[in-house]
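This report concerns the structure shown below.

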Protein chains: 2
Amino acid sequence: MNQNVYPEPIQKLMNFFKKLPGIGEKNAERMALAAIELPSEELENLATTAKDIKSQLKNCSVCGHLTTEDICPICADSHRDHNIICVVEDVKSVFKFENVGNYTGVYHVLHGLISPIDNIGPENINLASLVKRVESLKNPELILALKSTVEGETTTLYIKKIFEKKKITISRLSYGIPMGAEIDYLDIITLDKALEDRKRISEE
Amino acid sequence: MNQNVYPEPIQKLMNFFKKLPGIGEKNAERMALAAIELPSEELENLATTAKDIKSQLKNCSVCGHLTTEDICPICADSHRDHNIICVVEDVKSVFKFENVGNYTGVYHVLHGLISPIDNIGPENINLASLVKRVESLKNPELILALKSTVEGETTTLYIKKIFEKKKITISRLSYGIPMGAEIDYLDIITLDKALEDRKRISEE
């Protein structure tokens, strides 16, 4: 790749885009050239947003979610059920559940999963605050919404164990066939789980 | 999609990204979350770049290429051959040739192609300045590097016609089989062109 192919401000914009996931040289060029065609106002807004974004955002002191306040709008919402805590790996999961929009409980963001192979133990994720939080509630219920990898299942088991002696309802998301998927294209582990977790539909 | 799922600065950053080509909701979220993990310095640099980029960039007064100067570094480079002008549709083509790095002539950016169906005539693209430019040169040569669509070929023919009575070498890029392509997967028009434009390799 030649040096100085792009005018300096274009190159700078491209350099920024290339630091983002999934953006290569070609895409960065396309995005930079599209960006300079936008109205000046859009670029001024971007400048203002980019300048302050790091200092504006922090983690919610209750659940660890990303927010501009001390306590996030979800934890501050009195219409939500604060006894039901959905435990998630990262803020992306919160955005996902909120985009779906049917969940009315609150969240707890672990900011990671237990992974001995990567030297990530229970003390390295946002777990201690979950224990404290659960202890402060009268009738807590935990929904563990972690992915079905070794790390996800290790973390699920660990959390289950912490609260073993307390009378707390703990559930995990169901495993099974994704909606609309063709059965003969499913991987064997998913199919095996779907069989194991089968749900009775006849009356008991 | 729910309102207020994302903290405001994240939403603003996502809104900007979504205005760029090929970036949807999910990608914008992923990019915004990656952006806030970058060092503050990167975001401050982005802010500075975004703020001034529109006012810093203009078109080269000679060739029409994007530049921060009145005359672009390519036109200002005395080591390049200013008699050989590669005529291209847009600045992306210039970046492409410069990235390849073997071309030592200069460019002329048309900023469009003749397209009667879209009401784009010769007067709507950067052609008049090409005529003037060619007239000012002693021994000009034009390389028409336009795409092989109806618009590209119309523009190529039109330019050929303008300079018909002047003694000017005009060539176009060759059509043919892309390097590495399987012949049985080629479209018939490309194959037909490759046959028509075949190149003698035995000695004459």
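## Strand pairing in chain A

Two strands are taken to pair if DSSP finds at least two bridges between them. The model discussed here is predicted. In chain A, strand β3 (residues 81–88) is joined by 4 bridges to strand β5 (residues 141–144), and the two run parallel. Within this pairing, Ile84(A) has Glu141(A) as its bridge partner in β5(A).

Strand β3(A) is also joined to β4(A), here by 5 bridges and again in a parallel arrangement. Asp81(A) finds its bridge partner in β4(A) at Gly105(A). Between β3(A) and β4(A) the chain passes through helix α4 (residues 91–100) of chain A, forming a right-handed β-α-β crossover.

## Contact between chains A and B

Chain B and chain A each bring 48 residues to the contact. On the side of chain B that touches chain A, at least two residues come from each of α1 (8–18), α2 (25–35), α3 (40–56), β2 (66–67) and α4 (91–100) of chain B. Helix α3(B) gives the most, with 13 residues. By residue class, this side of chain B comprises 25 nonpolar, 12 polar and 11 charged residues.

## Confidence

For the complex, the predictor gives an ipTM of 0.82 and a pTM of 0.82. Chain A has a mean pLDDT of 92, with 98% of its residues at 70 or more.

Within chain A, confidence is highest in strand β4 (residues 105–109), at a mean of 97, and lowest in helix α7 (residues 188–196), at 86. Strand β4(A) is the one whose Gly105(A) is the bridge partner of Asp81(A).

Technical notes
Residues are numbered from 1 along each chain as its sequence is written. Chains are lettered from A and ligands numbered from 1 in the order in which they are written. This is a predicted model: local features need pLDDT of at least 70, side-chain atom pairs count only at pLDDT 80 or more; totals for chains, interfaces and linings use all residues. Two residues are in contact if their C-beta atoms, placed from the backbone, lie within 7 Å. Ala, Val, Leu, Ile, Met, Phe, Trp, Tyr, Cys and Pro count as nonpolar, Asp, Glu, Lys and Arg as charged, and the others, Gly among them, as polar. pLDDT is the predictor's confidence in each residue, from 0 to 100. A crossover is right-handed if, with the strands pointing away from the viewer, the path from the first strand over the helix to the second runs clockwise.
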